[in-house]
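Thanks for sending this one over. Here are my notes, point by point, to read with the structure open beside you.

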Amino acid sequence: MNMDFIANNVVLKADNIVGVRGDRLLFENVNFEMSQGSVLYLQGANGTGKTTLLRMLCGLSKPYAGNISWCGENIDALAEEYYKDVLYIGHLSGIKEDLTALENLQFSIALSGKRVTEKQTAEVFNALGLSKGLNLPTRMLSQGQKRRVALARLWLQDAPLWILDEPFTALDISATERLKQKIEVFARDGGMVIMTTHQEFTLNIPKFSQLRLDENVIKKVA
Amino acid sequence: MIESNQNTTSGITHLQEEKSNVAISMSAYSVLLEILKRDIRVALRRQSDVAAVFFFFIIAASLFPLGSGTDPKLLSAMAPSVLWVTALLSCMLSLSRIFASDYADGTLEQMLLSNHPTVLIVLMKILAHWVLSGLPLVLVAPLIGLQFNLSNEQLQILAISLLMGTLALSLIGSIGAALTLGIRGAGVLIAILVLPLYIPVLVFGAGAVNAVSIGMSPNGALSLLGAVLALALVFSPLASAAALRIALE
Amino acid sequence: MHWNSISEFLAMGGYGFYVWGSFAVTFLSMTIELWLINQRRKSVTRTLEQ
Amino acid sequence: MEKKISINWFKYASPKTFYPLAGKIIPWCAIGAAILIAYGLYIGLIIAPTDFQQGEGYRIIFVHVPAAWFSMFLYLIMAFYAAMGLVFNAKLSYMMATAIAPTGAMFTFVALVTGSLWGKPMWGAWWVWDARLTSELILLFLYVGYFSLQAAIDDKNRADKASAVLALVGAINVPIIYFSVKWWNTLHQGSSVSLTKAPAMAAIMLQGMMVMAIGFWLYSVAVILMRVRCEILERDSKLKMF
């Protein structure tokens, strides 16, 4: 799957996605396109299916109807080819309580096929204000610290598409600010982000759009 | 962000990072090995779970003589079935360990989203479970067999049949574990789903030891057990991976 | 006609209990299954009418 | 605002067209079943001669053997529909698999009870560890596993798919289990006690069994279609379609 697209070419495309949970219709004909450097911010009250849509976008669950394509190919057909380009952080932190923060990080980076040294992880942890928590089993850490261990992957893993489900929860102001800067740097470098959050927030980047799930309308924010 | 030196297949402009600390990329096998090592490390962090299953086997097997009297002939007659059924039950008890805790804390999702086929990941997790639940039984079963005054040759065949059998049990059992992820009362449900599927393994495994006790050669039973193991090795990871996809939808 | 009297037919050569027992179990199970489906159909149509 | 499903989800599967079609087939099957079963009974109980070995007791085969056939046959058909459901993600196939299971389990239960009723006069024991009876018992366990998995999962969608996977795994195991039980049986008992060696089959007896089998088949089709219609109504009653 080679991808010689120039900067503002469509990379991720969703056409009339339908989401159903049990027998309740969550959302219908959701359409959007994303090119390099764009950030899509999903909004909607609880239960409008934000998480379901995110899980569909990262390939965990299949949409009831409609098609999601990555570089022109359906993500179902791509499977592993697509997964390696996606970094998904959901409600669950994806951290083993019995492993230390370092072991957790090294394992999740290993999953993406890269090996990371302790020095590198230590640098990222310091940047996130987690300097002392490195060798403690993560169950000792607070909820906020655990969240930061999960988010540390953004600094260490190399993936063009980030799908973040409420990344700011349980983060203090400094960590939230640091994450916002990280997303801006990532987007400016051509990365793509799809995220949901409850706090009102804006990013000063060229392609920052908002999708309100309940009204199903795409608004250019920036 | 690590600036990976070789071009990511998606060819997107490199994501520069202030300090270009280079990450060594790992071959697929080392990643799968990483999963195996990590699963074993996690299980060993909670030795009590692993030990509990191990002692269940010892205690349960020793209960039978208390129930049936100590006539050596009777004991050695029922020994293969007793040892095999208790081994089967203790393996089944620890099945939920394969996926349940990873499902609960979200690491299972991350594994499914890695760029390795789910079937291989599932196979690694099953091997990790087998190493900590099956192998210990293989080592201790001959000792327990002495209680049932089995002959040396019977003990030897018992160990061999358990070696192959416990792996088949872990493989088949993983399907039940994957199907019942996140369901209330999964513990008992796994037993109902998996025990009927365990029957061929039990029949051939215990059959091998029985064959020795009546002077026949156990090779027939052992080769059939090997055949069941081969089938389990091929089909179980496929079925488990499908069941995981369904559970995580 | 193989049998020459009803009583002989019922006795079934001494195996009466087993033969009639088996047939009774079979057709009883079938009728129970049919009855269960009817109950289910009635309850579904009732909920649908609301 | 609670938005009920506005898209006609039937459009994606064909239960809507299937429902009336099944309605037409059911009466014909029911009548056919009744006639054939009555005729089969007539042959089996009245016309068929006494068996020189087993006396009159052998007449149980007219019910036992067709029931055993269908217990196995329906499990495989259920696994077939489960596979169709998984491959095409068609709601209707899942519903068919769900509808077949109870009838299959019923026939397994009947086969077991009639088998033991046959074993008692012939071999003096209510339960005979015969290869076929034992695999019949294990088949009942597989059905129990199928029902308990389906009952344990609340989300209908996942329940369908999970039980479909289990049905497929079970179907792969049925021949293996049957072979292992047969192997185990010959190892321990030799084949002296074997229900499988039916008495020398006079033509009339075979014919009786065939008629009963077709009668059972029509009965199964009718019952399963009725149950599928209930499934469609039940699933659709939540959707408030009509």
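1. Let's start with a strand pair in this predicted model. Strand β1 (residues 10-21) of chain A runs antiparallel to β2(A), and eight bridges connect the two.

2. Which residues of helix α5 in chain A are buried? In this helix (residues 118-127), they are A:Gln120, A:Thr121, A:Val124 and A:Phe125. These residues lie on the same side of α5(A) because the arc they cover around the axis is only 135 degrees. What do the buried residues of α5(A) pack against? Their neighbours are α4 (101-111) and α6 (143-156) of chain A. Just after α5(A) comes A:Gly129, with a positive phi of about 70 degrees.

3. On to charged pairs. Side chains of opposite charge can pair when their charged atoms come close. Over all chains, the structure holds 24 salt bridges. One of them is between the side chains of A:Lys146 and A:Glu97, at 3.3 Å from N to O. This pair links distant parts of the chain: A:Lys146 sits in helix α6 of chain A, and A:Glu97 in the loop between β6 (86-89) and α4 of chain A, 49 residues apart. Are the two partners buried or exposed? A:Lys146 has a relative accessible area of 13%, so this residue counts as buried. A:Glu97 is at 33% relative accessibility and therefore counts as partly exposed.

4. Next, a salt bridge between chains. D:Lys161 pairs with B:Glu249, and their closest N and O atoms are 3.2 Å apart. D:Lys161 belongs to helix α5 (residues 156-189) of chain D, while B:Glu249 is in the segment after α9 (219-247) of chain B. With 10% relative accessibility, D:Lys161 counts as buried. B:Glu249 is partly exposed, its relative accessible area being 39%.

5. Chain D also has a salt-bridge partner in chain C. C:Arg40 and D:Glu231 form a salt bridge in which the closest N and O atoms are 2.7 Å apart. The pair joins two chains, because C:Arg40 lies in helix α2 (residues 16-49) of chain C and D:Glu231 in helix α6 (residues 203-239) of chain D. C:Arg40 counts as partly exposed at 24% relative accessibility, whereas D:Glu231 counts as buried at 6%. Salt bridges that share partners also join A:Lys96, B:Arg38, B:Asp39, B:Asp102, B:Asp105 and B:Lys125 into one network.

6. A few words on chain D as a whole.

7. Finally, confidence. For the complex, the predictor gives an ipTM of 0.87 and a pTM of 0.88. Chain A has a mean pLDDT of 83, with 92% of its residues at 70 or more. In chain D the mean pLDDT is 85, and 87% of the residues reach 70 or more. Two stretches call for care when you read the model. In chain A, pLDDT stays under 50 over residues 1-6, for which the model has 17 contacts beyond four places in sequence. In chain D, pLDDT is under 50 over residues 1-12, with 26 such contacts. Where pLDDT is low, the predicted coordinates should not be read in detail.

Technical notes. Residues are numbered from 1 along each chain as its sequence is written. Chains are lettered from A and ligands numbered from 1 in the order in which they are written. This is a predicted model: local features need pLDDT of at least 70, side-chain atom pairs count only at pLDDT 80 or more; totals for chains, interfaces and linings use all residues. Side-chain values use heavy atoms; hydrogens and water are left out. Buried means under 20% relative accessible area, exposed over 50%, partly exposed in between (1.4 Å probe, protein chains only). Helices (H or I, at least four residues) and strands (E, at least two) are DSSP runs, numbered from the N terminus. The arc is that of the directions from the helix axis to the C-beta atoms. Contact means heavy atoms within 4.5 Å. pLDDT is the predictor's confidence in each residue, from 0 to 100. Two strands pair if DSSP finds at least two bridges between them. A salt bridge is a side-chain nitrogen of Lys or Arg within 4 Å of a carboxyl oxygen of Asp or Glu.
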